[in-house]
Amino acid sequence: MFRFAKSHNHLLQTPSTMKHLTQSREMNILHKKMIVDKSKLNYGVVKSFRMFKEYVSGYNNVGASLQDFKNFSRDIKKYIKEYDAHVSRKFYAKK
């Protein structure tokens with residue numbers, strides 16, 4: 001079955017490195033609202049991330065990575081684009 005292989009082991013994560021693991025990062029409603037609100041003001045994702053960092057007093061307190069912010073922004077834009085296409089098709093179908 002399983003055998004202990006010392007060469008394949010690594011150190012356990014410390015609290016300071018846990019924030020980098022995917023399992024410990026999460027986009028909560030506050031993160032999402034910041035991205036949506038700032039995009040309405042025509043701010044980019046990077047600027048939104050930096051502003052959020054200032055709001056929570058440091059990168060260690062953000063709780064999500066810049067890539068998480070970018071991924072959410074990409075997903076929301078894709079959703080809006082699909083919805084716009086659906087509305088346009090319905091409009092022209094009525095005509």
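Predicted model: local features only at pLDDT ≥ 70, side-chain atom pairs only at ≥ 80, totals over all residues.
Trainee: Which residues of α3 are buried?

Mentor: The buried residues of α3 are Val45, Ser48, Phe49, Phe52 and Lys53. Buried means under 20% relative accessible area, exposed means over 50%, and partly exposed lies in between, with a 1.4 Å probe and protein chains only. Residues are numbered from 1 along each chain as its sequence is written, and side-chain values use heavy atoms, with hydrogens and water left out.

Trainee: How do you know that the buried residues of α3 line one face of the helix?

Mentor: Seen down the axis of α3, the buried residues fall within an arc of 140°, so they line one face. The arc is taken over the directions from the helix axis to the C-beta atoms. On the face turned away from this buried side, α3 carries the exposed residues Arg50 and Glu54.

Trainee: Why is the pair Lys53 and Glu54 called a salt bridge?

Mentor: A salt bridge is a side-chain nitrogen of Lys or Arg within 4 Å of a carboxyl oxygen of Asp or Glu. In general, side chains of opposite charge can pair when their charged atoms come close.

Trainee: How many salt bridges does this rule give?

Mentor: The count comes to three. Among them is that of Asp75 with Arg74, with the closest N and O atoms 3.0 Å apart. Asp75 counts as partly exposed, with 41% relative accessibility. Another joins the side chains of Lys33 and Asp37, at 2.8 Å from N to O.

Trainee: How far apart are Lys33 and Asp37 in helix α2?

Mentor: Lys33 and Asp37 are four residues apart, which means a separation of about one helical turn. Lys33 has a relative accessible area of 49% and is therefore partly exposed. Asp37, at 27%, also counts as partly exposed.

Trainee: How do you know that the span of α2 agrees with its number of residues?

Mentor: The expected span of a helix is 1.5 Å times one less than its number of residues. The twelve residues of α2, 29-40, should therefore span 16 Å, and the end C-alpha atoms are 16 Å apart, which agrees.

Trainee: Which residues of α2 are buried?

Mentor: In α2, His31, Met34, Ile35 and Lys38 are buried. Viewed down the axis of α2, these residues fall within an arc of 95°, so they line one face of the helix. Ile29 and Lys40, on the other side of α2, are exposed.

Trainee: What is His31 in contact with?

Mentor: Contact means heavy atoms within 4.5 Å. Leaving aside neighbours within four places in sequence, His31 is in contact with Glu26, Phe52, Val62, Gly63, Ala64 and Phe69. Its relative accessible area is 2%, so His31 is buried.

Trainee: Which residues make up the largest nonpolar core?

Mentor: A nonpolar core is a set of buried Ala, Val, Leu, Ile, Met, Phe, Trp, Tyr and Cys residues joined through side-chain atoms within 4.5 Å. The largest has eleven residues: Met27, Met34, Ile35, Val45, Phe49, Phe52, Val56, Val62, Ala64, Phe69 and Phe72. Two or more residues each come from α2, α3 (45-55) and α4 (66-94). The largest share, three residues, belongs to α3.

Trainee: Why are Asn42 and Ser57 called exposed?

Mentor: Asn42 has 71% relative accessibility, and so counts as exposed. Ser57 has a relative accessible area of 62%, and is therefore exposed.
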